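Hi,

Here is the model for your files. Please open it alongside this note. My findings follow below.

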Amino acid sequence: MQDIIFVINPHSGTKSGKILEQFKELAPEIDYFISNTLKEFDAFVNTNAEKYRVLIICGGDGTINTTLKYLIKYPKLKLAVLPNGSGNGFARELGFNGNIQELLDSILRDGTEMVDVLKVNDELSCNMLGLGFDSYVANEFDKMPARGLKTYVVCTIQALFKYKPIQAKVTVDGSVIEGKYHMINIANTRQFGNNALIAPQAIYNDGLFDLVLIKKIPFYVVPSFVVRLFLGKLKNSKYVQFVKANSLVIDSNSETYHVDGEPKALTETLNVEILKQIEVVKTKL
Ligand SMILES: Nc1ncnc2c1ncn2[C@@H]1O[C@H](COP(=O)(O)OP(=O)(O)OP(=O)(O)O)[C@@H](O)[C@H]1O
């Protein structure tokens, strides 16, 4: 337990204080660090990374995203997750269920699995990036004073009335796909979070990502689309096209995009490729 570090993002989710207390009670011998700012986190990891074998991240997909560059720089460091975000897509896919004792047991078993990391211009991603509707929602969510699932649902419903589809040109495997889209996703794992399975066939360690192109959906189709999304049945929808690839280029008039749920302004062409793999604690027996 000496070589494990627990890092908690106090800005993620809605119950980080309570989780930290529970963690300290169950594992008093494990070092912990409260990551108040990215600057403090950077200084802490760069000073201490060599001391540790496992980095437990307590936060959402956005927090996990901020650790990727360190996991690549210090490959002896393995990632484990105590989910505390609004969607927790990555944690759900890798089987991190939020139970502290089960997490510690998984770490002690010492099994690991590799996970692909994508490079998106100068950023990294391990779960999902997207343009269009979901980046619009991520941007609106970012402006809200409260976080959590409830706020996310409110932002999504409001966006259904305000959002306009985007124009995009995607160059993938020498072909050009061009059109008007409700949203475009590049999925390393199957889900956005909250078990919304946008790319049901995505495999996080196959050296490929799934490009998911969603055409403009008529308003009356939205309810059945949402049902298919949560059932993992989008493959049969005529509004959705899937392509597996390991690199692509996107030009779009979307003003925003998101990387693992973190909204960004879109001002240039996006170049996406599979970069490397990181080692993640295996939760399944
Ligand atoms: N390592 C870090 N240290 C400090 N702050 C961070 C760190 N990583 C991310 N943040 C900030 O904390 C905010 C919330 O983090 P995160 O995205 O993980 O939680 P969430 O939005 O509640 O969950 P989810 O991404 O699952 O929807 C981010 O938008 C970012 O501004």
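Asn195 sits in the loop between β9 and β10 (209-215). Helices (H or I, at least four residues) and strands (E, at least two) are DSSP runs, numbered from the N terminus. The phi of Asn195 is near 60 degrees, a positive value in a residue other than glycine. Most residues other than glycine have a negative phi. Asn195 is partly exposed, with 16 other C-beta atoms within 10 Å. On this scale a residue is buried if 20 or more other C-beta atoms lie within 10 Å of its own, exposed if 12 or fewer, and partly exposed in between; C-beta atoms are placed from the backbone.

This is a predicted model: local features need pLDDT of at least 70, side-chain atom pairs count only at pLDDT 80 or more, and totals for chains, interfaces and linings use all residues. Residues are numbered from 1 along each chain as its sequence is written.

Asn88 also has a positive phi, near 55 degrees. Its loop runs between β4 (78-83) and α4. Asn88 counts as buried, because it has 27 C-beta neighbours inside 10 Å.

Next, the domains. The assignment gives domain 1 (4-116) and domain 2 (123-275); such bounds come from an automatic or database domain assignment. Their C-alpha centres lie 26 Å apart. In the interface, 20 residues of domain 1 are in contact with 25 residues of domain 2. Contact means that the C-beta atoms of two residues, placed from the backbone, lie within 7 Å. On the domain 1 side, α3 (61-73), α4 (89-94) and β5 (112-120) each give two or more residues. The largest share, six residues, comes from α3. That side divides into five nonpolar, nine polar and six charged residues. Here Ala, Val, Leu, Ile, Met, Phe, Trp, Tyr, Cys and Pro count as nonpolar, Asp, Glu, Lys and Arg as charged, and the others, Gly among them, as polar.

Which residues come nearest the ligand? Of the 22 around it, they are Gly60, Gly62, Thr63, Gly85 and Ser86. A residue counts as near if its C-beta atom, placed from the backbone, lies within 6 Å of the molecule. The shell has two nonpolar, 17 polar and three charged residues. Its largest share, four residues, comes from α3. Each domain supplies at least three residues of the shell.

Now the core. The largest nonpolar core has 70 residues, and Ile56, Leu79 and Val81 touch the most other members. Domain 1 and domain 2 both give residues to this core, so it lies between them. A nonpolar core is a set of buried Ala, Val, Leu, Ile, Met, Phe, Trp, Tyr and Cys residues joined through C-beta atoms within 7 Å. Leaving aside neighbours within four places in sequence, Val81 is in contact with Ile57, Ile64, Phe90, Ala91, Leu94 and Phe96.

Helix α6 (residues 133-143) is largely enclosed by the rest of the structure, because eight of its eleven residues are buried. Among them are Phe133, Tyr136 and Phe141. The buried residues pack against β7 (128-132), α7, β9 (175-187), β13 (256-259) and β14 (262-265).

Last, Pro165. It lies in the loop between α7 (149-162) and β8 (166-172). Pro165 is partly exposed, with 18 other C-beta atoms within 10 Å.

Best wishes
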